[in-house]
Amino acid sequence: MIKRTLYFGNPAYLKTTNDQLVIERKDEEAKSIPIEDVGLILLDHQQITISQALMAKLLANNVALITCNETHHPVGLLLTLDGHTLHSQRFQQQLDCSLPLKKQLWAQTVEAKIRNQAALLTERRIESKYLYTLADTVKSGDTANNEAKAAQYYWSRFFPDFLDFTRHREGPPPNNLLNYGYAILRALVARALVGSGLLPVMGIHHRNQYNAYCLADDIMEPYRPYVDSVVYQLVRNHGRFLELTPGMKQQLLAIPSLDVRIDGQTSPLMNAVTRTTSSLAKCFAGEQRKIIYPVL
């Protein structure tokens, strides 16, 4: 069963009773949702109050809790410290991972990402042979930097020409929509990593002493094109009017439930991410050599 994504964009008091998430709003009857059905919560209003008891139960159920700032952009992520029964064993296997294995896993990740980018261009009848060539020639550790070469080609062609788009986190729209979607995706991946008994901070490629989610940033790469596809549809529907609206947020919040193809089966994206992180844990344990990623 796919876990629910809950978005709160108005004042509310959130508490818990009998393993239920209870939502209280002024002049409204209280509503309740089973905590076990929830996978991700996004708090997007400065007048939301959440009880400590509820936070503890959410974390015990491996719910990812995202908070937004006054500009309605995600700025924080809260995750459980104990998401797997074999945590210490999985941690040690991850820490003992050899550099050659990390390089192989990163090459697999880059190849999967480029192939999904190529598939999106192909779907839009844009020449993508160059990207498939890059995907076929990724070396261990991506020493030739095929990921960056692919990104330059991909972003220069992905959106309609009238946008004159350049991908930059602080750049003009639709960078804001991509950022929002990627923040949701990052939280999903971090949640799944913890659920698989892994440390999100220890990446296979990304390294930053100030980044607590280096591994999430690694593993989310082949999933980014799914966010790109949602944002592309928003651009088609809204043209140049791309300031983040409640309707756009609603479409981006549907990312966890998107259908994806993974290992020959169709699965909601949230479930697919769990399969990916589970396969990564098996790679660290020496049980297999390949991460399972989705294919567009």
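# A guided tour of helices, a pocket and some loops

Start by selecting K113, N116, Q117 and L120 in helix α3, which meet R224, P225, Y226, D228 and S229 in helix α8. Contact here means heavy atoms within 4.5 Å. Helices (H or I, at least four residues) and strands (E, at least two) are DSSP runs, numbered from the N terminus. The residues of this α3 and α8 contact divide into 3 nonpolar, 3 polar and 3 charged. Ala, Val, Leu, Ile, Met, Phe, Trp, Tyr, Cys and Pro count as nonpolar, Asp, Glu, Lys and Arg as charged, and the others, Gly among them, as polar.

A word about what is on your screen: this is a predicted model, in which local features need pLDDT of at least 70 and side-chain atom pairs count only at pLDDT 80 or more, while totals for chains, interfaces and linings use all residues. Residues are numbered from 1 along each chain as its sequence is written, and side-chain values use heavy atoms, with hydrogens and water left out.

## Stop one: α3 and its partners

Now colour all of α3 (residues 99-123) and α8 (residues 224-238), whose axes come within 9 Å and cross at roughly 25 degrees. That makes α3 roughly parallel to α8. Axes are lines fitted to C-alpha atoms, for helices over the stretch in contact, and angles run from 0 to 180 degrees between N-to-C directions. Angles under 35 degrees count as roughly parallel, over 145 as roughly antiparallel, 65 to 115 as roughly perpendicular and the rest as oblique.

Turn the view to look through the pair: α3 passes α8 in a right-handed crossing. A crossing is left-handed if the near helix is turned anticlockwise from the far one by less than a right angle, and right-handed if clockwise.

To see the contact, show W106, V110, K113, I114, Q117, L120 and L121 in α3 against N146, E147, A150, Y153, Y154 and F158 in α5. This contact of α3 with α5 has 9 nonpolar, 2 polar and 2 charged residues.

## Stop two: α6 and α10

Select α6 (residues 175-195) and α10 (residues 269-284), which pack at an angle of about 45 degrees with their axes 9 Å apart. That makes α6 oblique to α10, and their crossing is right-handed. Show L185, L188, V189, R191, A192 and L193 in α6, which meet L269, M270, V273, T274, T277 and L280 in α10. By class, there are 9 nonpolar, 2 polar and 1 charged residues in this contact.

## Stop three: the largest pocket

The largest pocket has a volume of about 690 Å³. On a 1 Å grid over the protein atoms alone, a pocket is an open set of points where a 1.4 Å probe fits, with protein on both sides within 12 Å along at least five of seven lines, and lining residues have an atom within 4 Å of a point.

Of the 27 lining residues, select the closest to the pocket's centre: P74, R169, N179, A183 and R186. Which element gives the largest share of the lining? That is α6, with 7 residues. By class, the lining holds 10 nonpolar, 9 polar and 8 charged residues.

## Stop four: details to zoom in on

Select P173 and P174: the peptide bond between them is cis, with omega near 10 degrees.

Then try N62, which has a positive phi of about 55 degrees although it is not a glycine. You will find N62 in the loop between α1 (52-60) and β7 (64-68).

Finish at I50 in strand β6 (residues 48-50). Leaving aside its neighbours within four places in sequence, I50 is in contact with L14, M55, L58 and L65.

Technical notes:
Points joined across faces, edges and corners; volume = space filled by probe spheres on them.
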